Amino acid sequence: MTGGVLVAGIGNLFLGDDGFGPEVVRRLAADPGPPLPVGVRVVDYGIRGMHLAYDLLDGYDALVLVDACPGGGAPGVLTVLEVGPDDLGAGEFDAHGMNPVSVLANLGQLGGTLPLTHVVGCTPADVEEGIGLTEAVAAAVPEAVAEVRALVRRLSAAGPASTPAPARTRRS
């Protein structure tokens, strides 16, 4: 693959609201709405960081990470932001886990480059052991699906030299 947009659901569905990313991409893939633009790939990576890293070596123009992200706001608040190399710092890569910052920060060691990257994050209420999203986070899933759709359309239309919208936070 060369070009295109990778939408990556990140999180552990056995830790409550940490399963937000996988739930959003599952719903996005099953959404009967208009088809996603050509060149968009939607994947539930769960906690498979190495899988995401190797897929990014295929040369995507853009990456959209969907994840539970503690943001200090109320549970269910969505935050959309752009992430660049300067935001990542360094982190030890764990081939058996998923720390998105470490995966992206170490992409160069695998011979890849960080594509234009956005995060669609949701403030979790509970990330303790348990299956299923809390009410507040579950209520944010449809809005997150719509947000990812809009972001993918914008990124696909703009191509590799796209200029993203500024970061914003929404209350669900």
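**Exercise 1.** What is the mean pLDDT of the chain, and what percentage of its residues reach 70 or more?

*Solution.* The model is a predicted one, and the mean pLDDT of the chain is 84, with 83% of the residues reaching 70 or more. Over residues 161-172, however, pLDDT stays under 50, although the model has 26 contacts beyond four places in sequence for this stretch. Where pLDDT is low, the predicted coordinates should not be read in detail.

**Exercise 2.** Describe how helices α1 and α5 are packed, and which residues meet.

*Solution.* Begin with the axes: those of α1 (residues 20-30) and α5 (residues 135-158) come within 9 Å and cross at roughly 55°. The two helices are therefore oblique to each other, and their crossing is right-handed. Turning to the residues, F20, E23, V24, R27 and L28 in α1 meet a set in α5 that includes V137, A140, V141, P142 and A144, along with V145, V148 and R149.

**Exercise 3.** Determine which residues of α1 are buried and what covers them.

*Solution.* The buried residues in α1 are F20, G21, P22, E23, V24, V25 and L28. Their cover includes helix α5 together with the strands β1 (5-10), β2 (40-46), β3 (62-68), β4 (78-83) and β5 (116-122).

**Exercise 4.** Is V5 buried or exposed, and what surrounds it?

*Solution.* V5 has its place in strand β1 and, because its relative accessibility is 3%, counts as buried. Beyond its neighbours within four places in sequence, V5 is in contact with residues including G39, V40, R41, A62, V64, V152 and L155. Of these, V40 lies 35 residues away along the chain, yet the C-alpha atoms of V5 and V40 are separated by 4.7 Å.

Conventions. Residues are numbered from 1 along each chain as its sequence is written. This is a predicted model: local features need pLDDT of at least 70, side-chain atom pairs count only at pLDDT 80 or more; totals for chains, interfaces and linings use all residues. Side-chain values use heavy atoms; hydrogens and water are left out. Axes are lines fitted to C-alpha atoms, for helices over the stretch in contact, and angles run from 0 to 180 degrees between N-to-C directions. Helices (H or I, at least four residues) and strands (E, at least two) are DSSP runs, numbered from the N terminus. Angles under 35 degrees count as roughly parallel, over 145 as roughly antiparallel, 65 to 115 as roughly perpendicular and the rest as oblique. A crossing is left-handed if the near helix is turned anticlockwise from the far one by less than a right angle, and right-handed if clockwise. Contact means heavy atoms within 4.5 Å. Buried means under 20% relative accessible area, exposed over 50%, partly exposed in between (1.4 Å probe, protein chains only). pLDDT is the predictor's confidence in each residue, from 0 to 100.
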